[in-house]
Amino acid sequence: MKSQSVVIRFAGDSGDGVQLMGTQFVAATALAGNDFATFPDFPAEIRAPAGTTFGVSAYQIHLGARPITTAGDAPQVLVAFNPAALKVNLPLVADGALIVLNIDSFTSRGLSKAGYEKDPRQSGVLDGYQVVEVDMTKHTLEATQQFGLSKSDAGRCKNFWSLGLVQWMFNHDIAPIEDWITKRFAKDATIRDANLAALRAGHAYGETAELAAAVPHVPAIEAQFPPGEYRGVRGGEALSLGLAAAAELADRKMIFCSYPITPASPLLHTLARYGNLGVGVFQAEDEIAAVCAAIGASYGGAIGVTSSSGPGIALKTEAIGLAINAELPIVIVNSQRGGPSTGLPTKTEQSDLYQAVYGRNADAPIPVIAARSPSDCFEVAIEAVRIALRHMTPVMLLTDGYLANAAEPWLIPNVDEIPRITTNAPGPRDVGQDIGTVIFNRDPESLGRPWVSPGTPNLMHRIGGLEKDIKTGNISYDAQNHQAMTNLRADKVAAVAKFIPPQAVEQGPEKGALAVVGWGSTYGAIYQAVRAIPAHERVSHIHIRHLSPFPENLGDLLRGFDRILVPEMNMGQLATLLRDKLGVETVQLNKVTGQPFLIAEVVQKIRSLLAPAAAVRKATPKAVRGERA
Amino acid sequence: MSAQPAAKDFASSQEVRWCPGCGDYAVLSAIQKSMPDLGIPRENIVFISGIGCSSRFPYYMNTYGFHTIHGRAPALATGLKVARPDLKIFVVTGDGDGLSIGGNHMLHVLRRNVDVTVLLFNNRIYGLTKGQYSPTSELGKVTKSTPLGSADRPVNPLAFALGCGATFVGRTVDRNIPHMDEMLKRAAAHRGTAFLEILQNCNVYNDLAWNVLYDKESKLLHELRLQHGKPLLFGPADARKAVIMQGVTPKVVDASGVAENALWIHDEKNINAAKLLADLFAPDFPVPIGVLEAIEAPIYEDVVIEQEKRALSERGPGDIAKLLTSGDTWKI
């Protein structure tokens, strides 16, 4: 069976090593020359009670012979380590999917913990699927018995046994995984050898189990990629690399200040390893201290960066106002998650756009940009630092839980080809000239002021959160001055639009029947959905990186379409922003289930809008209200 | 810088706007006077404050200064110090700013032992917001927000700082200029976080809160000058008293009746003794002023710099291009 792409999902207890299995499978996928996208879907509890449905962790991979931009809709292959994993994931899989079950866990106890009254293998719920029953635990124990491990240690090798099986199913070489195991467990020869034996045994098992017929075979597609050197990259990793690269491009030290929070912490962990790259990491006592330390670092001439998720960003709000007032550059990264309050820490959402654009006391605008894919995080990180330093302003960078953890192949950029990041240096101070007029002598284009740090002789000055005189920086309670400063702060953020590229159309015509407009991690789903629509329907995909301010041409561009559809993982925040800033009316497609959009959901919505005129009229009131996908 | 700056060179051009008679004037003048002795170029000195009367301080110093947001000065100072270990940083705060809204950051700057000098002006009242009780106000304090008296017990700044693991803890008084000069010098010279409580008068909302050390007679009876290596003796010459240890409890006795080897000799390196001293207060005990504790401990940014050096020596200078191509890559 040949296929252009296939979606595979591994599911088990959060302690089963499913995430590890997924990432190793991805490495092999890349080496086999397939494009891919991944979606790690894990529970908030680190180790929920084993065998229960709320402890199920999953890893979905979409691999293809054609360019892949999403982790895929319905999995065609599900590997379920226990009944709970089957129960949680069965509703997601495609009709006729191949389901590989670890039947060792289908005991009466395992079934009852998953909430199955009857064994699903007999109850009929698996009718219409191709079910392969494998006693993985038993085989793993057999393969590893020569190493004298305890039963529980030996059982832990199960993920490698099943990875061996899956590698065989997809015709992937196991050598890269062998190398990885050898390195990873170098300090414990027994564990290393047991895992290697399990991997090889699982691979060998495939040959005897006659699984081949059921597995969709996906050919490699090397020719479709532009030539160059590639690697797999997760969003968190690409963002870290981008920040470190930005520091190098600006020739400044970077101080990354953060407080642990899901799903933003991977950034903290990755950057903590970049000590030799001029990136300092400070784990603060709380979110407020983290942003304040970033401001302190920036005051000292380093690039201050802080990172969190929505609830933590809320705590940083007052300090962001200070950075606006003091005209100091910082980058605030928000890895969005479901909310409000603690909400859904491990699930993805795009619901902090209002917070980013509008969410501060007083008239306090800041530039806001968003990454659309794991590899895009690299470029966006550099862009955020560039804007912050040019305009001397805090910049909000939006990513989300999905992007932070998802992976895709990445054509490694050549850092030498990226333009340097320049900063505003103070001009010379004439004899008797007021220091403040040097410190606040703003660039007429960007309105960014010179970046003057302590240690600079002859320019000692005071800054703070109080309103200041527009020219001298001295405290000012003057009414007209406050109006002028408020205007200046707005003009400064508006000035960003002069420096950014015009909004491009991702695919489809520049004018047409329907523009599907998105931002952030919905890129892949929208891209594929629009691709699925015939060209004569004149549907285009527009994806916005610069959310505040918008690119200058965005209004005109959108007015070239009869209708505009805005799919978002929130209840309509970009739709509000488009109406507010550009006066553009849109049709909304909203989803806040904690899961990314399926391509099919977007396609269906597009089709409903392209339906004959009568049907559209009927559908309009509902569409305008916004629909929950 | 050209010639060695004098005290007046540390005064900024800004008009000082504290209430007439405020204790802050004396502190400002003492700090300006202490600056030349640091021997540090003015441009390498930074004053960072939060919000409150005391936090106006940076505006009046002709150094670098940052008037930040309420309670957060220690966090901001930490970020600055990590980025710029070469700078001499002072944090100026008050009892409300430093111990109420900013209590958490104060705890953490002290335990990390970042090399900054914290000057906490304690007047036991909220002044800038016009007279509400503060976390150091005495229980039952009648203010605008507590017409029937406050219901919460006060925090003792010195005991708090010691409990946080501070490496330098001292106390001085705004009306004792020579002592304040000496303490400012000691605090500024300490490597690590120095915590200096300055008992300061708010003549508008809480006048004479520290009268125990202002009133001539009371001061004579209650002031206990701590001096390293000297016994804990206080009171008038003709009626000297001693603080001694009875079991594990401090006790006040007539000095004349104490054998020399039974005296409590002040030792700045003794953390446990400092904790006992922090709790002494009138009327049952004298009020200690001076350095309660001064010890050496690892300094946060020193450790961080050391780690960076090690990363550099073990892995060589960073190279983004190399990092980008690290791990599994493939060519097409």
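**Entry 1: chain A overall**

I counted the secondary structure of chain A in this predicted model and got 23 helices and 21 strands. I then looked at the dimensions: along its principal axes, the C-alpha trace of chain A spans about 90 × 70 × 45 Å. I checked the radius of gyration, which is 27 Å for chain A; a compact globule of 629 residues would have one near 25 Å, so the two agree. I noted that buried residues make up 56% of the 629 residues in chain A. I also looked at contacts in chain A between residues at least 6 apart in sequence, and 76% of these join residues at least 24 apart.

**Entry 2: a sheet in chain A**

I traced an open sheet of 7 strands in chain A, with the order 9-8-10-11-13-12-18 and mixed pairing. Which strands stand at the edges? I found strand 9 (279-283) and strand 18 (546-548) there; each has a single partner strand, so one side of each has no neighbour in the sheet.

I followed strand 9 of chain A to its partner, strand 8 (residues 254-258) of chain A, and found parallel pairing over 5 bridges. Within this pair, I saw A:Cys257 opposite A:Phe282 of strand 9.

I next asked what chain B puts against the sheet. I found helix 2 (residues 73-83) of chain B packed on it, touching strand 8, strand 9 and strand 10 (303-308) of chain A. The direction of this helix makes about 145° with that of strand 8 of chain A.

**Entry 3: two helices of chain A**

I looked up how helix 5 (residues 136-144) and helix 7 (residues 158-169) of chain A pack, and found an angle of about 105° with the axes 9 Å apart. An angle of 65 to 115 degrees counts as roughly perpendicular, so I noted helix 5 and helix 7 of chain A as roughly perpendicular to each other. On the helix 5 side, I listed A:Met136, A:Thr137, A:His139, A:Thr140 and A:Ala143 in the contact; helix 7 brings A:Lys158, A:Trp161 and A:Ser162. By class, I have 3 nonpolar, 4 polar and 1 charged residues in this contact.

**Entry 4: B:Ile48**

I located B:Ile48 in strand 1 (residues 45-49) of chain B. Is B:Ile48 buried or exposed? I found 31 other C-beta atoms within 10 Å, so B:Ile48 is buried. Leaving out residues up to four places away in sequence, I listed what B:Ile48 touches, including B:Pro58, B:Phe66, B:Leu76 and B:Val91. I also checked B:Val287, which is 239 residues from B:Ile48 in sequence and 29 Å from it in space, C-alpha to C-alpha.

Key. Residues numbered from 1 in each chain as written. Chains lettered and ligands numbered in written order. Predicted model: local features only at pLDDT ≥ 70, side-chain atom pairs only at ≥ 80, totals over all residues. Axes fitted to C-alpha atoms, helices over the stretch in contact; angles between N-to-C directions. Helix = DSSP H or I, 4+ residues; strand = E, 2+ residues; numbered from the N terminus. Parallel < 35°, antiparallel > 145°, perpendicular 65-115°, else oblique. Contact = placed C-beta atoms within 7 Å. Nonpolar A, V, L, I, M, F, W, Y, C, P; charged D, E, K, R; others polar. Pairing = 2+ DSSP bridges. Rg over C-alpha atoms; globule rule 2.2 N^0.38 Å. Buried ≥ 20, exposed ≤ 12 C-beta atoms within 10 Å, placed from the backbone.
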